[in-house]
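Please read the following explanation slowly, with the structure open beside it, and look up each residue as it is named.

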Amino acid sequence: MSAVLEAIRDHARRHPGDVAVFDDHVRLSYAQLEAEIRRVADSLASISVGDRPIASLLDNSAAWVVLDLAMTAAGI
């Protein structure tokens with residue numbers, strides 16, 4: 001388990017409503033961030049990306065943070 005993911009989960013348990021990430025369009029609490037990481041990680045696992053590279057056209061944004069952490073959670 002990634003230390004970052006463990007810290008997010010721990011903070012989500014203690015302070016679920018605190019803002020974890022935000023950008024001009026999205027504001028996610030720690031609880032929402034944890035749920036989004038899980039949702040995207042499950043989606044990545046369901047398409048069996050395996051060890052193939054993943055490319056993203058996302059700018060530095062809340063969506064990029066979710067994707068990056070989801071890839072870590074999925075072991076990619």
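What follows is a walk from a pair of helices to one residue at their contact and then to the salt bridges.

This is a predicted model, in which local features need pLDDT of at least 70 and side-chain atom pairs count only at pLDDT 80 or more, while totals for chains, interfaces and linings use all residues. Residues are numbered from 1 along each chain as its sequence is written, and side-chain values use heavy atoms, with hydrogens and water left out.

Begin with helix α1, residues 3-14, and helix α2, residues 30-46, whose axes come within 8 Å and cross at roughly 135°. That angle makes α1 oblique to α2, since angles under 35 degrees count as roughly parallel, over 145 as roughly antiparallel, 65 to 115 as roughly perpendicular and the rest as oblique. The helices themselves are DSSP runs (H or I, at least four residues), numbered from the N terminus, and the axes are lines fitted to C-alpha atoms over the stretch in contact, with angles from 0 to 180 degrees between N-to-C directions.

Where the helices meet, Leu5, Ile8, Arg9, His11 and Ala12 of α1 touch Tyr30, Ala31, Leu33, Glu34 and Ile37 of α2, contact meaning heavy atoms within 4.5 Å. One of these residues, Glu34 in helix α2, counts as buried because its relative accessibility is 18%; buried means under 20% relative accessible area, exposed over 50%, and partly exposed in between (1.4 Å probe, protein chains only). Leaving aside neighbours within four places in sequence, Glu34 is in contact with Arg9 and Ala12.

Turn now to the charged side chains, for a search of the whole structure finds six salt bridges, each being a side-chain nitrogen of Lys or Arg within 4 Å of a carboxyl oxygen of Asp or Glu. In one of them, Arg13 pairs with Glu6 at 3.6 Å, N to O, and Arg13 also forms a salt bridge with Asp10, where the closest N and O atoms are 3.8 Å apart. Arg13 and Asp10 are three residues apart in helix α1, so about one helical turn separates them. Arg13 is exposed, at 55% relative accessible area, whereas Asp10 is partly exposed, at 30%. Glu6, Asp10, Arg13 and Arg14 are linked in a network of salt bridges.

In helix α2, Glu36 and Arg39 are likewise separated by about one helical turn, being three residues apart, and their side chains meet in a salt bridge of 2.8 Å, N to O. Glu36 is partly exposed at 25% relative accessibility, and Arg39 is partly exposed at 46%.

Terms used: Helices (H or I, at least four residues) and strands (E, at least two) are DSSP runs, numbered from the N terminus.
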